[in-house]
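Hi,

Here is the structure I promised to pass on. Have a look at it first, then read my notes below.

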Amino acid sequence: MIRFEHVGKRYGGRFDALANIDFRIRRGEMAFLTGHSGAGKSSLLRLLMRLERPTRGRILVAGHDIDRLHTSQIPFYRRQIGVVFQDHQLLFDRNVFANVALPLQIQGLEPHEAARRVRAALDKVGLLHRERALPIELSGGEQQRIGIARAVVNKPALLLADEPTGNLDPQLSADIMRLFEDFNRIGTTIMIASHDLALIARLHHRVLKLSEGRLIGDDATVEETS
Amino acid sequence: MSADRTPSPNQRRPRQGSSSARQPDTRQKKPRRGARSQHTGMNSQLRAWGRHHRAMALDSVQRLMRRPLGSLMTMLAIGIALILPCALWLTLDSARLLDAGLEESASLTVYLDTTMEESEAMQMASSLREHPGVAAARLVTAAEGMVEFEQALGLEDALMRLGTNPLPASIVVAPLDTSPQAVHELSERLAEVPRVDEVRLDLAWLERLRRLAELGQRLTLALGVLFGFGVLLIVGNTIRLSVENRRQEIEVVTLIGATHAFVRRPFLYSGAWYGLGGGLLAWLLLGVGGQWLSAPVQALAQSYGAHFTVPGLDWQGSAALLVSSILLGWLGGWVAVNRHLKEIRPR
């Protein structure tokens with residue numbers, strides 16, 4: 001599903017944010033990306049979202065070199081990826097329903113079909129009863145769940161999350177991770193950047209470890225044997 | 001892409017929990033939909049496009065109405081910027097009408113030999129009427145000329161004392177072609193007619209007037225361009241602020257796959273609405289201003305013995321004003337959003 005081939009990203013001609021990153025994530029896999037802040041987790045995700053282009057190497061997603069995408073194709077590429085942000089990035093000027101419906105609105109889905117899917121996604125994250133609420137009225141954990149509902153509402157093949165539990169307490173974090181595991185169970189490929197090592201250790205998924213822009217660990221054993 | 005994607009859901013299906021029972025079929029279709037938009041079908045895409053246009057047109061109106069005073073200020077600024085070139089254009093347009101009237105009065109006066117008898121003069125007048133390039137010829141006999149002269153100068157007594165009429169008979173000729181060049185040529189030809197003493201034409205002032213009108217036209221054009229640019233700046237600046245205010249929204253929708261057109265749309269509608277509002281205000285103010293000026297202008301014209309009404313915009317002019325103001329607003333929105341789309345890079 002995702003394949004990094006000797007990818008390097010250099011900023012300003014000198015600073016290597018990422019160097020010689022080489023790994024592969026299979027379809028339906030769930031993997032964590034860890035490392036200290038500044039280790040290159042965000043850079044890697046930005047490359048995957050095609051917000052930036054690698055200075056070296058190739059990134060293949062579903063067999064396609066995403067560096068070759070024409071500017072006009074990028075939006076359509078992004079529609080296949082669900083993204084969950086640390087600060088959930090909900091829009092506070094509209095209610096929960098409208099927030100979750102946003103990707104479907106962008107894709108131009110018929111309103112009744114969109115409403116059905118929004119409710120399904122909200123149901124999945126356990127917040128169907130809050131569809132009329134404004135994001136500001138929700139707790140941090142609920143907001144993050146709405147963010148996840150928005151990321152999965154168009155049923156993307158690939159789900160990326162950048163520190164999705166960064167602002168949550170351990171209990172809520174565990175809930176959120178369980179939610180990701182549920183989505184992984186139905187076939188979604190998931191990649192989560194996180195530095196919550198204790199939580200990650202309990203979950204027994206593949207862990208890619210970054211340090212100073214290099215991949216220093218790829219603990220794929222759990223996934224291989226399962 | 002779709003070919004190597006399809007197997008995965010099938011493999012995964014046995015592992016699905018009951019909670020996701022509704023998902024498998026759509027999951028299979030879904031990933032293709034985003035990348036290959038023809039899957040959605042031309043028709044439904046077009047409907048979605050129309051739906052978004054309607055939604056954004058409405059949404060941008062609601063946003064304008066949420067801060068009525070600010071919106072009104074912007075529209076008023078646009079309106080005022082539009083009024084000046086419009087008013088100048090209207091004035092010029094009516095001046096052109098005046099000019100046309102003057103051209104009709106661009107006539108030549110052919111002074112005849114003083115020794116000519118009245119009957120001969122009448123013959124001369126009718127022969128001039130046949131002359132090529134002459135539209136009309138009116139005889140002013142020596143006696144008539146005397147009366148006009150006396151009235152104009154108030155010299156009745158002085159001239160009476162002369163006893164004899166020193167004035168020649170004259171024929172006032174209206175040329176067919178009133179362009180300065182043609183009139184000049186006609187005057188030369190008429191001067192060669194036997195027993196014509198002199199041909200007078202006073203076109204210099206007409207020429208000057210025409211030059212002035214041309215100057216006015218260019219001035220209007222320059223002002224129009226300048227103030228049109230002003231409208232662009234006003235709208236651009238306003239839209240720039242709302243782009244700033246909605247920066248997060250733009251970033252988020254860009255990240256989840258919105259095209260530039262999608263992002264741009266609400267702002268283009270805002271721009272167009274601002275333009276429409278500004279155009280309507282300009283139209284209204286022009287109407288009110290015209291009414292307000294009409295009484296003194298008419299009185300002034302009457303004192304010169306002329307008939308002149310303050311020009312107003314006809315429906316074509318009004319339509320042109322509104323369409324151009326909407327277009328300017330739209331364009332202002334376009335420029336502002338495009339400039340900022342480049343700047344805004346998510347996170």
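In strand E5 (residues 64–65) of chain A, A:His64 is the bridge partner of A:Val61. Helices (H or I, at least four residues) and strands (E, at least two) are DSSP runs, numbered from the N terminus, and two strands pair if DSSP finds at least two bridges between them. E4(A) and E5(A) run antiparallel, joined by two bridges. Together they make a hairpin with two residues between them, and A:Ala62 in the turn has a positive phi of about 50 degrees.

Before I go on: this is a predicted model, where local features need pLDDT of at least 70 and side-chain atom pairs count only at pLDDT 80 or more, while totals for chains, interfaces and linings use all residues. Residues are numbered from 1 along each chain as its sequence is written, and chains are lettered from A and ligands numbered from 1 in the order in which they are written.

E4(A) (residues 56–61) also pairs with E1(A) (residues 2–11), in the antiparallel sense over five bridges. One pair of bridge partners there is A:Glu5 and A:Arg58.

Zooming out, chain A has eight helices and 10 strands. Its radius of gyration (taken over C-alpha atoms) is 17 Å, close to the 17 Å from the globule rule (2.2 Å times the number of residues to the power 0.38) for 226 residues, so chain A is as compact as a globular protein of that length. Of those 226 residues, 49% count as buried, meaning that 20 or more other C-beta atoms, placed from the backbone, lie within 10 Å of the residue's own; 12 or fewer is exposed, and in between is partly exposed.

Most residues other than glycine have a negative phi. A:Glu212, in the loop between strands E9 (206–211) and E10 (214–219) of chain A, has a phi near 45 degrees. B:Arg195, in the loop between helix H9 (180–191) and E4 of chain B, has a positive phi of about 70 degrees.

Last, B:Leu201 sits in the loop between strand E4 (196–200) and helix H10 (204–245) of chain B. B:Leu201 and B:Ser107 are 94 residues apart in sequence, yet 7.0 Å apart in space, C-alpha to C-alpha.

Cheers
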